[in-house]
Amino acid sequence: MNISKFVTPEIIFGCGSLSQVGESALRLGASKVFLVSDAGVINAGWVDKALFYLKEAGLACETFSALTTNPKDFEVDEGTRRYLASGCDALVAVGGGSPTDVAKAIALLATNGGTLRDYEGINKIVHPLPPMVIVPSTAGAGSEVSQFTIVVDTVRKLKMSIISKSLIPDIAIVDPELLQTKDSLLAAATGLDALTHGIESYVSLAATPLTDIHALKAIELISRNLRRAVADRQDMEANTNMAMASLTAGMAFSNAILGATHAMTHQVDGLIDQHHGETNASILPHVMEFNLDTSPGRFREIALAFGEDVSGLDAAAGATRSIAAVRRLIRDIGLEKGLGQLGLQKEFIPLLSRNTLKDACLVTNPRSATYEDIVAIFHRAM
Amino acid sequence: MNDREKLLEQLTGVDSSKLNYYVELKKRNQEVLKQNSRLQILHQLSRDINLDMSVGDILERAFTKLPQTLPCDFLGLVTVKDGVLSLKASMPRNFCKIDDFPAHSPSLKVIRDKRGGIFNLGPEDLLHVRHNPGNPGPLRALAVVPMFKRDEVIGALIVASLSDGAYLREDLSFVQHLADQLSISILNARLYKEVSRAKKEWEETFKAVTDPIFLIDTDYNVLLHNDRLPPEMSAQWNKVLSSKCFAKLHDRDRPCTSCPLEDVRRSGKPVYRRWQTEGGILLDLSYYPVFNEEKQLSAVTIIFKDVTEKTKMEAQLVHSAKLAAIGEMAAGVAHELNSPMTVIIGTAQMLVRDFPGEVDRDKIEALEDIINCGLRCKRIIQNLLTFSRQDELPTSEIDLNEEVERVLSLIRYQINRSQVEIIPHLDPDLPKINANGPQIQQVLTNFLVNARDALDDGGRPEKIIQVTTALRRRDKKTWIVLSVRDNGTGIAPEALPKIFTPFFTSKEATKGTGLGLSVSLGIAESHGGTIEVDSIPGEGSTFSLLLPLEQL
């Protein structure tokens, strides 16, 4: 492919950049803001801060926080109902992947109508969405810059991937200060999620030089900062680097898309409601092994980004180093668990595998995977 | 391209983009501007279309405006009547002819479905359309919409273009709006024509009535009138600028006392009045109430009926009947008196003959008095008999002086009783004329009675009535004139114009009927003559009967 495209929101980065939320919303033409968040973020005090800045900018606000990790379709429906009734004309999300994806989904349904299932897949949105400002409070999801929203279909018990450039927020405000309040497990899980984004988009079939820069940068930052960030939640240098890593990983995967790891974890998360980062940790090394032969040079680059010494090694040998580095990191941050430990029962593997084949993320996986391939990986990841 | 590549292209390719509010806004804005310009055209059309336009005119007006917003090479109006379609009007006017609409024709389909449609046509679809070779053609795209009168389809409007696919589905609603607008205009124009025709009929009916008719609102303003006032009243009518009836009819600056309008307002029923104008015209006035939808009095229709002539004739009829009765009675009495009178005279004459010589001179004189008075009585009786036979005597050659003598002999006593002296000046050389003697006597009697009455109340030392007969030449005609002059009270100038109108009288109720002069004038006119009046208040009046000599 000779022509490529790279899409990101307007990005405001830096400690204290939360203060820009009001002005940003104002710049997008908002008069009443629908603020989506969750209990954890509210308890940490970030929502009050955001509301302060929004009100300072002269904006009316309505807060919606009735949502859980791995956001559910009915939560989006309720949010949409509230949004439409509130007379709001812009959305602000403060929080991790859940509030962000819910805000995007609400924006989608508010202007396009119907149910989320109508938009599952790629490019099904027909009307523009209301202005969105996203303030991530975790370093991982990358949803603040991505064209994805992932919501659980509670009937079919799976994560729906809705992919459209229209889902890219208008402004992303990345304030590393927000990262201090999350606990170590969450820091580890989100960090591992960001790492997965970096690795999958780097080896993706749709990777371009523009995405590569961001993917490699993200991997490099994560390999050097995630351990510190998990160990000391107040380490602002680590937090800032992790925020940047998550952001660059997000920019990379939003444009280069992901791979089999995400295609599989989407299914597992829909079923067992675990943190997405933890399931990623269980599956990522196995998918890397599966993909290794298709682009050993790229995996060797990943090993390099991890700081592995690959001098003198050929591509294939260097590539295997990347898997070892990933496994080491997973172990160091305490996420070394099989899917079985996370609560997945083997009898679900056929179902999960069938659904994985339908997930859009599988499209860009460097190696074509059959049903049997997926089943095998699931078994190895147990 | 396999599925995978297609998906990849969609996920990352350059074709998918973030949908943009700005783009959508611009699109909507353009749509709004387009709709706006279409609305403006609809608005302008509805303003331009006059009520008195024909369907063709209305279509022409639309045709000039339409291309500003919609491709339009042809505009046609198809009407449906009893299931038969016909091209009622089109622009350009002679673009094509359609004698028969086949089953597949767009108009028929639209009318049947009651729903508009866009039609892109091949030449075979338009075989039924006979193009005028002078116009460019054929039409390739049609937007056809039904035209409604309420829920009923009365036809179809065709907007057509020479270019293929000129119309989009979105255009259809505009064309439907246009058709609705035109339907309304056409129905309005039709309604207007009906109303104006009905209005004209009513106005003509109103104007055709020769009696004056007015429509007056409850505030006395004249709303309508049919311009049929008699000349002397219309002068006043036209002079007054105010629209108030009391000003226009009566030259008053406030409503008349006891205006019939008040009675109508009170009773809600028609009111009738009789009114004698200054000019002496006798009018019967009918006031008919006009009610509005709330059953409140909103206006009054007034009809004037000139009954002057009718009343005069009635009066004459009554008078004649009276006179006939009196004449009949007088004739009877006279006839009865005639025999004893003959006996009295005869007997007295015999007695005179029986007194020979100079014997009893006194007795003879007494007898001769009886004879003379008897003869006078006979003459009076004869006059009465003549008078009573008036109906039987149309005209004959009469000596006016003799008629005067007859009247005077009958009436002199009656008048002398009021200490009035009658002085006759009768022209002995008067030629005879053709006239109805008794009628002439009636006129003279009337003149004399009036003169006597004019002398009655004045404390005048000398009460004189002069009766004159004479010849007069005037207007190259010779007239015989019979004048009665008194030196009585005279007639007030304002009363003068009215004295000939029936029932006008200055006398007390018991004395006069107000018919004498009116009847007299009637008699004069029936002889081709007239009556002249000359009066100075306080000095007396002269009434002259003029009869043409040549006539009759």
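1. A:Lys157 sits in the loop that runs between strand 7 and strand 8 (158-163) of chain A; helices (H or I, at least four residues) and strands (E, at least two) are DSSP runs, numbered from the N terminus. Its phi is positive, about 55°, although A:Lys157 is not a glycine. Most residues other than glycine have a negative phi. With a relative accessibility of 48%, A:Lys157 counts as partly exposed; buried means under 20% relative accessible area, exposed over 50%, and partly exposed in between (1.4 Å probe, protein chains only).

2. A word on ground rules: this is a predicted model, in which local features need pLDDT of at least 70 and side-chain atom pairs count only at pLDDT 80 or more, while totals for chains, interfaces and linings use all residues. Residues are numbered from 1 along each chain as its sequence is written, chains are lettered from A and ligands numbered from 1 in the order in which they are written, and side-chain values use heavy atoms, with hydrogens and water left out.

3. Stay in chain A for A:Asp153, a residue of strand 7 (residues 148-153). Is A:Asp153 buried or exposed? It counts as buried, at 0% relative accessibility. Apart from neighbours within four places in sequence, its contacts (heavy atoms within 4.5 Å) are A:Asp73, A:Arg117, A:Leu158 and A:Met160.

4. Chain A as a whole has 15 helices and nine strands. Of its 382 residues, 61% count as buried. Among its contacts with a separation of 6 or more, 77% are between residues 24 or more positions apart. The chain exposes about 12,900 Å², and carbon and sulfur atoms supply 51% of that area; accessible areas come from the Shrake-Rupley method with a 1.4 Å probe, and for residues only the protein chains shown count as cover.

5. Chain B can be read in the same terms. It holds 13 helices and 19 strands, and buried residues make up 42% of its 552 residues. Residues 24 or more positions apart account for 60% of the chain B contacts with a separation of 6 or more.

6. Helix 4 (residues 106-113) of chain B deserves a look. B:Pro106, B:Ser107, B:Leu108, B:Val110 and B:Ile111 are buried in this helix. What covers them includes strand 1, strand 2 (84-91), strand 4 (117-120), strand 6 (141-149) and strand 7 (152-161) of chain B. After the helix comes B:Lys114, in the loop between helix 4 and strand 4. B:Lys114 has a positive phi near 55° and is a residue other than glycine; at 46% relative accessibility, B:Lys114 counts as partly exposed.

7. Please also check the peptide bond between B:Met91 and B:Pro92, which is cis, with omega about -10°. Most peptide bonds are trans. B:Pro92 belongs to the loop between strand 2 and strand 3 (96-98) of chain B.

8. B:Cys72 lies in the loop between helix 3 (55-65) and strand 1 (74-81) of chain B. Its relative accessible area is 8%, so B:Cys72 is buried. Not counting residues up to four places away in sequence, B:Cys72 touches B:Phe63, B:Leu66, B:Pro67, B:Val159, B:Ala160 and B:Tyr167. B:Leu162 is 90 residues from B:Cys72 in sequence, yet the two are 8.2 Å apart, C-alpha to C-alpha.

9. B:Trp275 is part of strand 10 (residues 271-276) of chain B. Which residues are in contact with B:Trp275, leaving aside its neighbours within four places in sequence? They are B:Met233, B:Leu249, B:His250, B:Ile281, B:Leu282, B:Leu283, B:Leu285 and B:Phe304. Last, the surface charges of chain B. B:Lys81, B:Lys88, B:Lys149, B:Arg150, B:Arg190 and B:Lys193 gather in a patch of positive charge. Patch residues have over 30% relative accessible area and no salt bridge, with like charges joined within 9 Å; a salt bridge is a side-chain nitrogen of Lys or Arg within 4 Å of a carboxyl oxygen of Asp or Glu. B:Lys193 is in helix 5 (residues 169-208) and is partly exposed, at 43%. B:Asp362, B:Glu365, B:Glu368 and B:Asp369 gather in a patch of negative charge, and B:Asp369 is found in helix 10 (residues 361-388).

Definitions and conventions:
Patch = residues over 30% accessible without salt bridge, like charges linked within 9 Å, V, L, I, M, F, W, Y side chains within 5 Å. Lys, Arg positive; Asp, Glu negative; His and termini not counted. Charge placed at Lys NZ, Arg CZ, Asp CG, Glu CD.
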